[in-house]
Amino acid sequence: MGATKAMTDTVVDVENLSLHYFTSKGAVRAVDGVSFSLARGETLGVVGESGCGKTTMGLALLNIPSPPGRIVGGRILIAGTDIVPMSEKEIRQTVRWQKISMVFQGAMNCLTPVFTVGQQMRETIQTHKPMPRAQAEAVIARYLGLVGLPAEVARRYPHELSGGMKQRVVIATALFLEPRVVILDEPTTALDVIVQAQIINVIKTLKREMDLSLIFITHDLATEAEVADRILVMYAGKVAEIAANEQVFDRQPCHPYTKRLLAATPRLHEKVSELAFIPGTPPDLLDPPAGCRFHPRCPEAFDRCAREEPPLVEIEPGHLAACWRCINA
Amino acid sequence: MRGENLSYWLKDFWSEFRKNTSGLVGLAFLGLFAAAAIFEPLLIPFAETNRKWRDITYWDDNPKSAPPAWTNWFASRKSAVSTVLRASETTEERSDGVRLVRHSFAYAFSYDRPPLDIIVHFKGSGNIPLIVGVQRPDGAELELFREQATVNDGEDVRIPLGKAAKSAVFDFAKGYEPEEATADIDIGQIRSVNVLFARAQEGMLARPEPLRGRYTFTLTVMLLDEASRIDEPRVVISGGVSGILGTDNSKRDLWSGMIAGVKWALLIGLLTAFVAVALGVVYGIVSAYFGGWVDAVMQRVFEIFVNMPLLPILIVMSAVFRPSIWFMILMMSAFFWVGPVKTVRAIALQIKEETYIEASRALGAGSARIIFRHMVPLLVPYSFASMALYVPGAVVYEATVSLLGLGDARIVTWGQLLRDALGGGAVLNGLWWWVVPPGISIALMGMTFAFIGFAMDKILHPKLRTR
Amino acid sequence: MFRRYLIKRILNGIFIYVVLIFLYSLLFNTTNEKTMKDQIEESIRVEASKLKNFTSDQVQKHILERRAFKYRIYHLDRPFFERVIWRTIDTLVFRFGNSTNILSARGDREVLRIVLEVMPRTILLFTTGILFEVGLGIWLGLKMAQKAGGPLDRTTSVMTMIVEGMPTWWLGMLMIMLFAYLVPIFPSGGMHRLPPPHGVLRIVDLLYHMALPLITLVFINTWAVAFLTRNIVLGILQEDYIMAARARGLPERRVLFGHTMRTAAPPITTIALLSLLASVFGNIVFEGIYSWPGMGNLYWVAVQRNDLPVLMGLLSVTTGLYVAGLVALDLIYGLLDPRIKVGGRA
């Protein structure tokens, strides 16, 4: 387990994080020993199938209580401070939203339907930084402008806004305390393609202007290709591979899972004779398979894969993989 | 859901249901109720309760408004328990074609309070001279009553000793009382049974002290010819306490009434719930399936029904039309059906969008087939859960209507028991054994189906589960 | 936007009320007419007995004329459907006619007056009850949802189910037996002591008489409201926007009361009030047990005395109140839920 400090300033450092859901049937190991780091000004793209644990990990980074889930091990260092042992009150008052914030799929269901957008934004601001109403409204107006929305949107209820507008509101809300790190969880998934492109542009612009570090979670590889500097591939609650954007998309990734993911994404400029897919289903996280979790579905598996779980190892500078084939090569 | 699928689903469902304590409790109670209804003839001491509930003569031997027998446990002064004595010994003598038959009835009296009445019964025919006598524990033998009875074919003869033995008892007591005392006493005021069971001593007329021990009552009859006969001789002891649940002010045994009411409660509840849910489910599916103006019209009709205040309408309709219980069930179903419609329609709308429905239609399946073969089975689990939840309502509504006196007088329901209780002053006189059991049974039946219904609902709507 | 919704809903309510009254008139036509005819005969007979200096033939003729006249003005000589329509109209304008034998406080027999006299007392009792039931119920339900699965939650859920099938009036009977006879703390019925006291004491006396029925009502109904609140709140707590609110760093108190409860308010209020509305009309006979002189008690009396006009009048007024209640609920829901108040665009 080695985290490469490729750039000078690390804003987020995750070491061996594990989060389990304790259900009546047993512990579901949603996130199991995940390690990575996020450098300042970087966009880390987290990809994986549904249920691989990426959203859970995102929530864990804010240490949001989501019973019956609980962090059972590891460290999360946000700007050098480990937030795992902090009390809920402390996190809420010092870390959450101020140092690190999160953008959910706003188009869906992430604004309370009975309050106006402005009321909710104002509430968030005033909780963290008490200020008179007029000042708060000025801040709101400014950030709404930054995401390309007119100030009067603040007077609307969530159901009155389109998906794209809601997503922008959610982005604005995540930013106005000027955090260092923003986690974006499937911010464009529920939107149509044109609006998707607009939102991506907004995100890119803001990142540049506000010097943000982003963790961009999605299952859509095409979007990742566009926004991410580095890609982190998750599978069954563990990290499969971490590599630079070019490594994955222009050159060749190493982990068989990543390769299959890429193969399953049709390209516009290539002939597609047959749609590739990954046979089998993701493992049951209550009782994951022994050894490498991907081995039952892996075309390149050999006997060591079924016995021993491969550690995440740096196989090239800036390129980590958890695969016996890659490690041996 | 075809056969094998169904049994698999049932097993799965049962293993979930088993985990739910309250559901199991509900099921247990349901079993109890069902058993009570099925084994009713075995459980009730008064076999003709159902037919003769309103017939006062059937209940004549019981004490009026008597608490249950087991209250003696808690009483400082124990009352005699009502019971029926069968002949312990029968002797017969013949002479000249005349038979002298003597039936003896042994009675162990160990209470603080004597019985309220002693009634000698037999069925017979012919001209029958008879004598009723008693042998007391202190050895005294009295002739209580004699008569030349003319009995028609198999008629039941009833001799209440409280009245019949007055003079005999008075004469007996006079032997122990001083002259002056007895002169003032009005024979009509004597409670002969109290005196009969009293210690033979001075003051036994005014302040009788109970004499405990073995009393033997005898019924001696003379059968003058072969045609004369007596059958089923028995002595009914009408005591201060009676039965498992006591009696009401019309002397009816309440335990019998209660058990008789079980089957009606079950029937009313289940039948109403079934018809209502069946109607509602079909209505919801049809409305969703056809959509368009059919849906719009059906929804309007639905709205009208929803706006009706159910109980007042039931009351007025019952007051005006005096319906039978079946009609009442029908009326209730006619209002209850609105319950499931909204949810069923929502679910049906979703199912309608499924591709296999479209496929069916493309294959040429008619609407009826699609509805009944594809949509209804999917809603069966939900329907079952809802059904359980409508039963308590139906039972309570019928009870309420009966409470007002508008129920079907030909049957015995718990609601009617409560009506009689209210009218008979049970509340104001503290006759708790009359008020509590029927109400508790209604509540228990409601609780049973609520438990079952909620347990099923929990399984079918996982979102409400507490993780 | 909301005003349009309001008008539409009210008009709909009125329409439904009219349809229902029509249906009642249809259903009960025969019985109603029989009562009417009986009353006409009675009034004619009374008139005829007061006639002086008429021969018997003249009296007969007079009776026939009067009868024909009355039949005409009450439209009893018209075909069936027309008669039903006339009855409907009569009921709609609150011309309920006269009772068969029940008298109002003033001694007259006008059904409308009789019903209106008793209405406020019912409203007093049940509205107070509803206030307590909603208040206690919501508070309890919230507590249950906060510690879902805990001991409080489980016991109250069990209580809800136990009470589900319990007739309110039976509990009333028990309460009277317990607290008015066994341990006589409360009066066994009625609304006032006789003769009723004056001034402040009058109010105290009223409260004293209201206590036992109120306790009975509140006991039965609070559990259902609590259970409902618990379920709705639990459902909302699982919504994404609640998690998002927490993610934004809002204090838990605010998340619970501000966001959760405010979103829960529309469904809770409406469903709670709806079930309470249903329980009012389903429990109306409960008044009779306590001899509380309201509408429920009037149902009792009317049934006992077989006074059909009063029953009809009661039914119409009850239906009217019920429909109005439902309309009011819809409007309250619309006010509380901005999705309806402001309307959607997305």
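Mentor: Residues are numbered from 1 along each chain as its sequence is written, and chains are lettered from A, ligands numbered from 1, in the order in which they are written. As the model is predicted, local features need pLDDT of at least 70, side-chain atom pairs count only at pLDDT 80 or more, and totals for chains, interfaces and linings use all residues.

Trainee: How many residues does the largest nonpolar core have?

Mentor: A nonpolar core is a set of buried Ala, Val, Leu, Ile, Met, Phe, Trp, Tyr and Cys residues joined through C-beta atoms within 7 Å. Here the largest has 259 residues, and Ile315(B) and Leu314(C) have the most contacts inside it. Another core, of 39 residues, lies apart from it and includes Tyr111(B) and Val193(B).

Trainee: Is Glu180(B) exposed or buried?

Mentor: Buried means 20 or more other C-beta atoms within 10 Å of the residue's own, exposed 12 or fewer, and partly exposed in between, with C-beta atoms placed from the backbone. Glu180(B) has 7 C-beta neighbours inside 10 Å, so it counts as exposed. Its C-alpha atom is 67 Å from that of Pro312(B), 132 residues apart along the chain.

Trainee: How many residues of chain A are in contact with chain C?

Mentor: Contact means C-beta atoms, placed from the backbone, within 7 Å. On that basis, 25 residues of chain A touch 22 of chain C.

Methods: Contact = placed C-beta atoms within 7 Å.
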